[in-house]
Amino acid sequence: MRNKKVTREFYSYRLGFKEFGHADFEGYLMMEKDQIQIHFFEFKELDPNENYGQVYIRTDNIEEFYKSLLEKQIEIHPNGKLEIKPWGQKEFSILDPDKNLLTFGQNL
């Protein structure tokens, strides 16, 4: 993450995560949703256009989550619309403010 406040707000308000823990560590952020934790470290020099970070998150209710993101007008990655993949997963992808690729998947 380049900016802790921006990252916290995106994951909280846009994706429904909550900050994990009570301590506020400088340059570090922990977010949690439905038994999923994502930990971020500050990297102010990160160039989002060169970022190749990716997180794969498994879910049990992908269609409802996808619909909720569309209702919040969260931009779905142009190559990441909700679809069934040849490897037996239903998936979609978005980019966070630092262009980390977040792919959400559910077993069929």
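Guide: The buried residues of helix α1, which spans residues 4-14, are Lys4, Thr7, Phe10 and Tyr11. These four lie on the same side of α1, because they cover an arc of only 140° around the axis. The arc is taken from the directions from the helix axis to the C-beta atoms. Buried means under 20% relative accessible area, exposed over 50%, and partly exposed in between, with a 1.4 Å probe and protein chains only. Helices (H or I, at least four residues) and strands (E, at least two) are DSSP runs, numbered from the N terminus.

Visitor: Where do these numbers come from?
Guide: This is a predicted model, in which local features need pLDDT of at least 70 and side-chain atom pairs count only at pLDDT 80 or more, while totals for chains, interfaces and linings use all residues. Residues are numbered from 1 along each chain as its sequence is written, and side-chain values use heavy atoms, with hydrogens and water left out.

Visitor: What covers the buried residues of α1?
Guide: The cover includes β2 (28-33), β3, β6 (89-95) and β7 (101-107).

Visitor: And which exposed residues are on the face turned away?
Guide: Lys5 and Tyr13.

Visitor: Back to Thr7. Why does it count as buried?
Guide: Because the relative accessible area of Thr7 is 2%. Leaving aside neighbours within four places in sequence, Thr7 is in contact (heavy atoms within 4.5 Å) with Met1, Leu29, Phe40 and Asp98.

Visitor: What sits at the ends of α1?
Guide: Asn3 caps the N-terminal end, where a side-chain oxygen lies 3.0 Å from the backbone nitrogen of Lys5. After α1 comes Gly16, with a positive phi near 85°.

Visitor: Which residues other than glycine have a positive phi?
Guide: Gln35 is one of them, with phi near 65°, and Lys99 also has phi near 65°. Most residues other than glycine have a negative phi. Gln35 lies in the loop between β2 and β3, and Lys99 in the loop between β6 and β7.

Visitor: How accessible are those two?
Guide: Gln35 counts as exposed, at 82% relative accessibility. Lys99 is partly exposed, at 36%.

Visitor: New topic. Which residues form the nonpolar patch on the surface?
Guide: Phe25, Tyr28, Phe41 and Phe43, with about 410 Å² of accessible area together.

Visitor: Where is Phe41, and is it buried or exposed?
Guide: Phe41 lies in strand β3, residues 36-41. Phe41 is exposed, because its relative accessible area is 54%.

Key. Patch = residues over 30% accessible without salt bridge, like charges linked within 9 Å, V, L, I, M, F, W, Y side chains within 5 Å. Areas by Shrake-Rupley, 256 points an atom, 1.4 Å probe, with all protein chains shown as cover. Salt bridge = Lys/Arg side-chain N within 4 Å of Asp/Glu carboxyl O. Polar contact = N/O pair within 3.5 Å; in protein donor to acceptor, adjacent residues only side chain to side chain.
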